[in-house]
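This briefing goes through one protein model by topic. It begins at a single residue and then widens to the domains, the sheets, the ligand shell and the backbone geometry.

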Amino acid sequence: MKESISAELFEKALGLMPGGVNSPVRACANVGRTPRFVVRAKGSRRFDEDGNSYIDYVGSWGPAILGHARGEVVEAVREAALDGLTFGAPTRREVEMAETVRRLVPSMESSRMTSSGTEAAMSAVRVARGFTGRDNIVKFDGCYHGHSDGMLVRAGSGALTAAEPDSAGVPAGFAKHTLVAPYNDIEAVKRLFESDPDGIAAVIVEPVAANCGVVLPKPGFLDGLREITSRYGALLIFDEVITGFRLSLGGAQGLFGITPDLSVFGKIVGGGMPAAMFGGRADIMRMVAPAGKVYQAGTLSGNPLATAAGLATLRILEKDAGIYGRLERKSERLARGISENTSLPVTRIGSLMSVGFGDDASFARWYSHLLDGGVYVAPSRFEAMFVSDAHTDEDIDSTIALAAGFSA
Ligand SMILES: Cc1ncc(COP(=O)(O)O)c(C=O)c1O
């Protein structure tokens with residue numbers, strides 16, 4: 001497999017951008033490789049500058065549930081683009097988007113669009129603070145909620161990969177308002193509330209953790225959070241940036257039957273374009289400007305192209321009754337194939353899975369084995385694998401066959 005053009009571009013990029021990339025994990029430094037520069041992606045495949053093709057299980061880190069460049073989605077974006085790229089004024093599509101999301105996820109009574117999951121999570125936290133008049137937030141060790149200051153505490157994948165759990169540049173005075181509990185440890189959450197009964201505005205959680213490998217919530221954990229937050233007058237925020245529209249049409253909350261007060265969506269909701277959303281109880285969302293006193297805004301929020309891509313994606317997911325069944329079947333086969341043919345543990349829920357590695361060195365060998373064999377997974381052992389509707393049975397078979405040749 002050639003990589004000379006990618007290597008040349010990366011060399012150039014290193015002199016122009018920190019680490020040669022626009023988002024840290026892309027740099028591949030921890031797996032001892034250099035990034036493959038992408039020229040194109042279609043269906044289940046991505047293609048690089050050197051003419052190599054890969055079966056892609058990153059899917060742009062989650063959005064590509066339909067596979068890359070699905071015809072209807074690209075066409076929706078093209079049509080929208082012909083009418084103008086951005087207006088900074090309300091459009092019909094934004095109303096349709098809010099309606100669609102509320103139909104699929106009934107807790108989203110009122111919502112607002114942003115351009116990234118980071119902004120959406122940051123805004124949800126601010127709304128929770130404004131609504132409750134309290135300052136502290138509980139988050140879980142290894143959960144990632146974007147890179148706003150208060151959320152960069154024990155924040156999972158990117159930070160874990162860089163072995164820097166806390167970022168420089170976050171004032172201690174901000175971080176002190178973020179209380180951290182171990183994921184799945186409801187007793188720890190109870191203790192935090194007992195020691196600070198009137199100070200905690202919200203608990204924010206990935207209902208399935210997917211930024212420290214995939215970690216399933218233990219039975220009773222999410223119900224326990226619902227119960228404790230209600231008892232203490234705090235809000236429960238589900239960060240469904242990864243789980244939303246992936247685990248089910250109603251997200252993790254639909255699957256587990258738990259209703260949070262606020263939710264955060266990203267990735268799939270933007271259909272591959274920069275769109276995300278936060279929302280929830282209408283009485284809480286009335287706090288958001290201009291209805292209320294919590295300020296939140298964005299030049300490109302509800303951008304026509306991004307909204308068109310998201311809407312087209314959600315419409316396909318809603319109409320195609322067989323899609324989640326197909327995703328489940330393929331993902332189950334892939335997970336079983338990997339675990340039966342290697343000694344590696346696989347954790348999976350629906351089309352979200354991760355292969356467990358105890359150390360970076362053996363993960364780096366796994367990564368290189370797959371990459372050199374034409375299978376693209378995220379260059380971090382804390383990131384998930386995503387199966388899309390575009391993956392074929394042949395893709396799954398050849399991935400399993402390649403994995404079978406890996407010796408741990
Ligand atoms: C659960 C979760 N929340 C929030 C974010 C931040 O989203 P974005 O990268 O769009 O800012 C991510 C990104 O991976 C995520 O996985």
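Leaving aside residues up to four places away in sequence, Ile-338 touches Leu-344, Val-346, Val-355, Ile-400 and Ala-403. The model is predicted.

**Around Ile-338**
- Ile-338 is a residue of helix 12, which covers residues 323-341.
- Ile-338 counts as buried because it has 23 C-beta neighbours inside 10 Å, and the cut-off for that class is 20 or more.

**Domains and their contact**
- Domain 1 puts 25 residues into the contact, and domain 2 puts in 29 residues.
- On the side of domain 1 that touches domain 2, at least two residues each come from helix 12, strand 11 (346-349) and strand 12 (352-355).
- That side of domain 1 consists of 14 nonpolar, 9 polar and 2 charged residues.

- An open sheet is built from 7 strands in the order 4-10-9-8-7-5-6, with mixed pairing.
- Strand 4 (110-114) and strand 6 (178-181) are the edge strands, and each of them pairs on one side only.
- On average, neighbouring strands of this sheet are turned by 20° against each other, direction ignored.
- Strand 4 pairs with strand 10 (residues 276-280) in the antiparallel sense, over 5 bridges.
- Gly-279 in strand 10 is the residue that stands opposite Ser-111.

- Strand 2 (residues 45-48) and strand 3 (residues 53-56) are antiparallel and pair over 3 bridges.
- Opposite Phe-47 stands Ser-53, in strand 3.
- The hairpin of strand 2 and strand 3 has 4 residues between the strands, and Gly-51 in this hairpin takes a positive phi near 85°.
- Strand 3 also runs parallel to strand 13 (residues 375-376), to which 2 bridges join it.
- Asp-56 has Tyr-376 in strand 13 as its bridge partner.

**Ligand shell**
- The ligand is surrounded by 15 residues, and the closest are Ser-116, Gly-117, Thr-118, Gly-146 and Val-241.
- Helix 4 (residues 117-132) gives the most to this shell, with 3 residues.
- By class, the shell around the ligand has 6 nonpolar, 7 polar and 2 charged residues.

**Backbone geometry to check**
- A cis peptide bond leads from Ala-289 to Pro-290, with omega near 10°.
- Pro-290 sits in the loop between helix 10 (282-285) and helix 11 (304-319).
- Trp-61 is not a glycine, yet it has a positive phi of about 70°.
- Trp-61 belongs to the loop between strand 3 and helix 2 (71-82), and it is buried because 21 other C-beta atoms lie within 10 Å.
- Lys-267, also a residue other than glycine, has a positive phi near 50°.
- The loop between strand 9 (262-265) and strand 10 holds Lys-267, which is buried because 27 other C-beta atoms lie within 10 Å.

How values were computed:
Residues numbered from 1 in each chain as written. Predicted model: local features only at pLDDT ≥ 70, side-chain atom pairs only at ≥ 80, totals over all residues. Near = placed C-beta within 6 Å. Nonpolar A, V, L, I, M, F, W, Y, C, P; charged D, E, K, R; others polar. Buried ≥ 20, exposed ≤ 12 C-beta atoms within 10 Å, placed from the backbone. Contact = placed C-beta atoms within 7 Å. Pairing = 2+ DSSP bridges. Axes fitted to C-alpha atoms, helices over the stretch in contact; angles between N-to-C directions.
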